[in-house]
Number of protein chains: 2
Amino acid sequence: MSLPHPPADQITLPNVLAVLGDATRLAIVGHLARNEGVPLNCGKFLELGSKTNLSYHFAKLREAGITRTEVVGTSRLITLRRDDLERRFPGLLDSVIAAANDFPLPSADGLRD
Amino acid sequence: MSLPHPPADQITLPNVLAVLGDATRLAIVGHLARNEGVPLNCGKFLELGSKTNLSYHFAKLREAGITRTEVVGTSRLITLRRDDLERRFPGLLDSVIAAANDFPLPSADGLRD
């Protein structure tokens, strides 16, 4: 089973910004950025919200083209689509991640790595 | 009469991103950026939408701390809060503006300068 992802050329700026405009999703993106190269499963984010709530946020991030979710057995492994985003919107992701690190995010301190 | 604006330290990243996540507001910000240093009145944006619709978008941009609206007689003059945004979120506005220029925006070609 695999989940749908937009091709890179269908990632749009208004949609990416709208989806990033949420404190929980910024916390997820910041956590993915700090662990780049390591796909994280949903369980790593449980301090940011309930499973149902997180599933909603992961779907929004995936549908906007910000993250990739791979289904491996019963796990979902999540990575940032950094290359696609950088090609489409140079510098945007880095400036968002840098700003997100200065922003008090909900329960982000307690995230397990 | 003057309209309320958030102080720079109350401009938040999730809110700025959420408000920028709209094609019409990106077109407004792009047009302001191309005319920087020149306050523009609302009439310069009429090809982007109805007056009522634009008033709504200008209020959202002002309330998020992205733009400053000065009331001068019967005009409202709008500028980007570039310095405040740059101090809070370095590089963000420039990367958004650069990406917005590549993005097909609603009726933006017809904007009158």
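## Helix packing in chain A

In this predicted model, helix α2 (residues 23-34) of chain A packs against helix α3 (residues 51-63) of chain A at an angle of about 70°, and their axes lie 10 Å apart. With that angle, α2(A) is roughly perpendicular to α3(A), because angles of 65 to 115 degrees fall in that class.

The α2(A) side of this contact is formed by A:T24, A:R25, A:I28 and A:V29. These residues meet A:L54, A:Y56, A:H57, A:F58, A:K60 and A:L61 in α3(A). By class, the contact of α2(A) with α3(A) comprises six nonpolar, two polar and two charged residues.

## Helix packing in chain B

In chain B, the axes of α2(B) and helix α3 (residues 51-63) come within 10 Å and cross at roughly 70°.

From α2(B), the residues B:T24, B:R25, B:I28 and B:V29 take part. Their partners in α3(B) are B:L54, B:Y56, B:H57, B:F58, B:K60 and B:L61. The residues of this contact divide into six nonpolar, two polar and two charged.

## Interface between chains A and B

The size of an interface is often given as the accessible area lost when the parts come together. Between chain B and chain A, the buried area is about 1400 Å², and carbon and sulfur atoms give 82% of that area. On the side of chain B that touches chain A, the elements that give two or more residues are α1 (13-20), α2 (23-34) and α5 (92-101) of chain B. This side of chain B has 14 nonpolar, four polar and one charged residues.

In terms of residues, 19 residues of chain B are in contact with 19 residues of chain A. The count of salt bridges between chain B and chain A is zero. One residue pair is in polar contact between chain B and chain A, with both residues at pLDDT 80 or more.

## Salt bridges

Side chains of opposite charge can pair when their charged atoms come close. Over all chains, the count comes to ten salt bridges. One of the salt bridges joins the side chains of B:R68 and B:D84, at 3.8 Å from N to O. This pair links distant parts of the chain, 16 residues apart. B:R68 lies in strand β2 (residues 67-72) of chain B, whereas B:D84 lies in helix α4 (residues 82-88) of chain B.

Terms used: Residues are numbered from 1 along each chain as its sequence is written. Chains are lettered from A and ligands numbered from 1 in the order in which they are written. Side-chain values use heavy atoms; hydrogens and water are left out. Contact means heavy atoms within 4.5 Å. Buried area is the accessible area (1.4 Å probe) that two parts lose on being put together, summed over both. A salt bridge is a side-chain nitrogen of Lys or Arg within 4 Å of a carboxyl oxygen of Asp or Glu. A polar contact is a pair of N or O atoms within 3.5 Å; within protein, one must be able to donate a hydrogen and the other to accept it, and residues adjacent in sequence count only if both atoms are side-chain atoms. Helices (H or I, at least four residues) and strands (E, at least two) are DSSP runs, numbered from the N terminus. Ala, Val, Leu, Ile, Met, Phe, Trp, Tyr, Cys and Pro count as nonpolar, Asp, Glu, Lys and Arg as charged, and the others, Gly among them, as polar. Axes are lines fitted to C-alpha atoms, for helices over the stretch in contact, and angles run from 0 to 180 degrees between N-to-C directions. Angles under 35 degrees count as roughly parallel, over 145 as roughly antiparallel, 65 to 115 as roughly perpendicular and the rest as oblique.
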